[in-house]
Amino acid sequence: MSVMENVSDVVSWLKSTSYTGKVGLTVKIYVDPTKIEAFKDLVSEHLTTSLKEPGVIRFSANRDYERDDVFWFVEEWESPSALLVHLGTEWFRDGYLVRSRELCAAPGQRALYLMG
């Protein structure tokens with residue numbers, strides 16, 4: 001299972017919108033309880049890589065206060081185009097998404113929003 005089983009609707013909006021302001025993305029991730037340490041290693045690599053990308057304002061991964069197997073990604077990007085570039089990087093597509101499939105227990109939930 002993938003963290004974001006289907007990002008095509010987000011990508012479609014990012015490609016078609018005339019909005020050019022800041023955007024935010026919050027993702028709730030359900031990790032297989034037996035694979036939390038492996039997921040944390042992947043998250044560390046994901047953060048290191050993503051924080052170097054142009055247009056990123058904030059990119060953090062946080063553990064849920066009630067459940068050890070739930071993580072929250074909170075992202076802020078300068079523009080829809082910056083987020084679109086991130087989602088299209090080789091690291092995200094062929095690294096993070098592929099590797100996270102074996103670590104997640106259920107499809108993630110996400111919210112994409114305009115900021116400001």
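Reader: What do the side chains of Glu 45 and Arg 99 meet in?

Author: The side chains of Glu 45 and Arg 99 meet in a salt bridge, at 3.1 Å from N to O. A salt bridge is defined as a side-chain nitrogen of Lys or Arg within 4 Å of a carboxyl oxygen of Asp or Glu. This is a predicted model, in which local features need pLDDT of at least 70, side-chain atom pairs count only at pLDDT 80 or more, and totals for chains, interfaces and linings use all residues. Residues are numbered from 1 along each chain as its sequence is written, and side-chain values use heavy atoms, with hydrogens and water left out.

Reader: Which helices do Glu 45 and Arg 99 lie in?

Author: Glu 45 lies in helix α2 and Arg 99 in helix α4, so the pair ties together parts that are 54 residues apart in sequence. Helices (H or I, at least four residues) and strands (E, at least two) are DSSP runs, numbered from the N terminus.

Reader: How many salt bridges does a search of the whole structure find?

Author: The search finds five salt bridges. Among them, Asp 69 pairs with Arg 67 at 2.9 Å, N to O, and Asp 94 pairs with Arg 93, with the closest N and O atoms 3.4 Å apart.

Reader: Is Asp 69 buried or exposed?

Author: Asp 69 counts as buried, at 14% relative accessibility. Buried means under 20% relative accessible area, exposed means over 50%, and partly exposed lies in between (1.4 Å probe, protein chains only). Arg 67 is partly exposed at 39%.

Reader: Turning to α4, how many residues does it have?

Author: Helix α4 has 12 residues. From its first C-alpha to its last it reaches 16 Å, close to the 16 Å expected at 1.5 Å a residue; the expected span is 1.5 Å times one less than the number of residues.

Reader: And which residues of α4 are buried?

Author: They are Trp 91, Phe 92, Gly 95, Tyr 96, Leu 97 and Ser 100. Seen down the axis of α4, these buried residues fall within an arc of 170°, so they line one face of the helix. The arc is that of the directions from the helix axis to the C-beta atoms.

Reader: What covers that buried part of α4?

Author: The cover includes β1, α2, β3, α3 and β4 (104–114). Contact here means heavy atoms within 4.5 Å.

Reader: How many residues are in the largest nonpolar core?

Author: The largest nonpolar core has 28 residues, and those with the most contacts inside it are Ile 29, Phe 39, Phe 73, Trp 77, Leu 83, Leu 87 and Tyr 96. Such a core is a set of buried Ala, Val, Leu, Ile, Met, Phe, Trp, Tyr and Cys residues joined through side-chain atoms within 4.5 Å. Elements giving two or more residues to this core include α1 (8–16), β2 (56–63) and α3 (80–88).

Reader: What does Leu 87 touch?

Author: Leaving aside residues up to four places away in sequence, Leu 87 touches Val 10, Val 11, Leu 14, Phe 92 and Arg 93.

Reader: Is His 86 buried or exposed?

Author: His 86, which is found in helix α3, counts as buried at 1% relative accessibility. Its side chain makes a polar contact with the side chain of Glu 53, at 2.9 Å. A polar contact is a pair of N or O atoms within 3.5 Å; within protein, one must be able to donate a hydrogen and the other to accept it, and residues adjacent in sequence count only if both atoms are side-chain atoms.
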